[in-house]
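Open the structure in your viewer and keep the sequence panel beside it. The tour goes from one selection to the next.

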Amino acid sequence: MSNIVTHNIARWLYVKKVHILPKVFGRLTRLLYTCEIPYTAEIHSSVIFAHKGLSVVIGQDTKIEENTKILQNVTIGGRNGVRANPKIGKNVLVGAGACILGNVNIGDNAKIGANAVILSVVSANTTVVGVPGKEKARETNENL
């Protein structure tokens with residue numbers, strides 16, 4: 001069993017309004033995989049957490065779409081105590097140690113570099129690196 005499987009079970013129970021069991025599965029995920037992936041986050045079942053999500057922290061209302069890959073030690077969540085979390089598109093790569101904070105959208109096919117800090121919107125087909133994150137390259141249809 002992997003962390004995405006335990007999350008999906010907890011999420012299903014949460015949607016079905018079973019109150020205690022999602023918390024149990026959330027704690028199980030934290031204990032077994034050393035990551036915080038709340039059952040209130042919408043995470044597509046095809047999302048891949050490299051290294052079983054080691055040290056990954058995800059905010060409660062985060063939405064992550066299909067075929068996204070998240071490497072270890074990534075933080076995705078709100079900022080300044082505001083519960084407004086990121087929305088991550090399809091086919092996104094989030095590099096090791098990256099932080100995506102606040103009410104931002106990450107476009108489809110974007111790449112977030114290792115240790116980048118993302119505080120604003122990232123366009124589709126863009127590579128972003130640095131602190132704060134700056135657009136490094138944008139792929140066009142000719143480059144694909």
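**Stop one: salt bridges**

Select Glu66 and Lys90: their side chains meet in a salt bridge, 3.7 Å from N to O. This pair links distant parts of the chain, 24 residues apart. Glu66 sits in the loop between S4 and strand S5 (69–70). Lys90 sits in the loop between strand S7 (87–88) and strand S8 (93–94). The model is a predicted one. Glu66 is partly exposed, because its relative accessible area is 24%. Lys90 also falls in the partly exposed class, at 31% relative accessibility.

How many salt bridges does the structure hold? There are two. For the other, select Arg30 and Glu36, whose closest N and O atoms are 3.2 Å apart. Glu36 has a relative accessible area of 29%, so it counts as partly exposed. Arg30 is partly exposed too, at 45% relative accessibility.

**Stop two: the cysteines**

Go to Cys35. Is it buried or exposed? Cys35 counts as buried, because its relative accessibility is 3%. Now look for disulfides: the structure holds zero. Cys35 is in no disulfide, and the nearest cysteine sulfur, that of Cys99, lies 16 Å away. Select Cys99 and look back.

**Stop three: an open sheet**

Colour S1, S4, S7 and S10. These four strands form an open sheet in the order S1-S4-S7-S10, with parallel pairing. Which strands are at the edges? They are strand S1 (42–43) and strand S10 (105–106), each pairing on one side only. Zoom in on S1 and strand S4 (residues 63–64): two bridges pair them in the parallel sense. Select Glu42, then find Lys63 of S4 standing opposite.

**Stop four: strand S13**

Move to strand S13 (residues 126–129). In a regular strand the side chains alternate between the two faces of the sheet. Thr126 and Val128 make up the covered face of S13, whereas Thr127 and Val129 make up the uncovered one. Pick Lys111: its bridge partner in S13 is Thr127.

**Stop five: Ile48**

Select Ile48, in strand S2 (residues 48–49). Ile48 counts as partly exposed, because its relative accessibility is 46%. Which residues does Ile48 contact, leaving aside its neighbours within four places in sequence? They are Thr68, Lys69 and Ile70. Then draw a C-alpha to C-alpha distance from Ile48 to Asn91: the two are 10 Å apart in space and 43 residues apart in sequence.

**Last stop: the whole protein**

The protein has two helices and 14 strands. Its radius of gyration is 15 Å, close to the 15 Å from the globule rule for 144 residues, so the protein is as compact as a globular protein of that length. Along the principal axes, the C-alpha atoms fill a box of roughly 50 × 35 × 25 Å.

Colour by accessibility next. Of the 144 residues in the protein, 39% are buried. The protein exposes about 7,900 Å², with carbon and sulfur atoms supplying 54% of that area. Finish with the contacts: of those with a separation of 6 or more, 22% are between residues 24 or more positions apart.

Definitions and conventions
Residues numbered from 1 in each chain as written. Predicted model: local features only at pLDDT ≥ 70, side-chain atom pairs only at ≥ 80, totals over all residues. Heavy atoms only, no water. Buried < 20%, exposed > 50% of the residue type's maximum accessible area, 1.4 Å probe, protein only. Contact = heavy atoms within 4.5 Å. Disulfide = S-S within 2.5 Å. Pairing = 2+ DSSP bridges. Salt bridge = Lys/Arg side-chain N within 4 Å of Asp/Glu carboxyl O. Rg over C-alpha atoms; globule rule 2.2 N^0.38 Å. Areas by Shrake-Rupley, 256 points an atom, 1.4 Å probe, with all protein chains shown as cover.
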